[in-house]
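Have the viewer open as you read.

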Amino acid sequence: MVVLVRGEGKWTPATLTSWASEAELQEVLCDSPELMPGCEGAVVVTEFRIPSVGAVDLVCVHDTGAISLVECKLAKNPEIRRSVVGQIFAYASGMSEMSRAEFGQEFAGRCGRSLADVITEAAGPDFSVEDFEVELTKTLAKGRFRLIIVVDQITTELRAIVEYLNLHLAETVTIIALELGRVLAGDSQVLVPRTYGAEVAERRDRVAGVKRRWTRGELDEAISQIGDSKARQFVESVLAHAKDRGAVVNGGSGPVPSAGIYYPQDGKRRSVVSVYADADEPILSVNVAAIKRGSDVRAQRVLAALRRSATFSDKLPADDETAVTKFPWVRAADLAASADELAAYWDAIQAAIEDEPEAGTPTN
């Protein structure tokens, strides 16, 4: 693929640059799992050790209980041809022999926290850790994994192998190749992703009844169908604000098109707002409990702003200590109908995303 950039009045080919190392590529994917097909919103650990096999580069765990195994290879590595395919299947085979307890122990050893704590923090307000544990146990027992091979430049042979395997594999396993090229354009870097096998993986998930996440396209389409014009415009403004502030919108897995909006906070992204785009009664929640996991001070400021909204106040316990453990949700139409309600909502979002005040600074 040729990428053109405009400079000095004309379009010229950009410089296609490989990654310095497989470790660098691995780090980028760990920080931004949304680059990998089906891994939006997943929690990720690196160098996950599988007994009697070795350490797979990345393991992505989804709040649906799904697991993705990721192996990175650069074109200069001869294993990018056939060996990497056997390697990732060996990892999958070994992981299918792990118990739920063994899997959780290795995950905790890699990130320093329990899997339950990490996945709960990343998930939206409709998350049930009990349901997650059940689904994760099923995933391991059935060996139902998504295998992702990430390369800087795919070879013809690897592409053919991936396409062949996806035609003939059992329904429990899918394999995807992600080519993640990097282009330098002046001082900027541009990633050029191309996937092979992702459509087959999604189709198999649907046939198998695997929980899936709503895509951004599906969310936008659902929002466009909201009948109440004020509510629709308000929800659109919520998504526009997220884009302007560099937030990530991760599709939900509920019965209606939904998404969690993850704003950057102190170097991490946290679920601040969730949107449920039901055409007749769209709702949204401000995820106070998730905000509290990052900062109790910030959560208290958000709570104070929400209490200035009659709509949110009706959903919140009177006791602040209890209220900061909640994910209060309201109808979008109720917020959109009043300037005071809108002001309180936006004050809460501002409190959620702005820097935490220094010690001794008074809060509202």
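Strand β13 (residues 283–286) is covered on both faces: Ile-283 and Ser-285 on one side, and Leu-284 and Val-286 on the other, are all buried. Buried here means under 20% relative accessible area with a 1.4 Å probe, protein chains only, while strands are DSSP runs of E with at least two residues, numbered from the N terminus. Keep in mind that this is a predicted model, where local features need pLDDT of at least 70, side-chain atom pairs count only at pLDDT 80 or more, and totals for chains, interfaces and linings use all residues. Residues are numbered from 1 along each chain as its sequence is written, and side-chain values use heavy atoms, with hydrogens and water left out.

So what does β13 pair with? Strand β12 (residues 268–276) runs antiparallel to β13, joined by 4 bridges; strands pair if DSSP finds at least two bridges between them. Tyr-276 has Ile-283 of β13 as its bridge partner, and the two strands make a hairpin with 6 residues between them. Strand β14 (residues 329–331) is also antiparallel to β13, through 3 bridges, and there Val-330 stands opposite Leu-284.

Now for the helices, DSSP runs of H or I with at least four residues. His-241 sits in helix α9 (residues 229–244), and it counts as buried because its relative accessibility is 12%. Leaving aside residues up to four places away in sequence, His-241 touches Tyr-263, Trp-346, Ile-349 and Ile-353, contact being heavy atoms within 4.5 Å. Ile-349 and Ile-353 are among the buried residues of helix α15.

How values were computed:
Buried means under 20% relative accessible area, exposed over 50%, partly exposed in between (1.4 Å probe, protein chains only).
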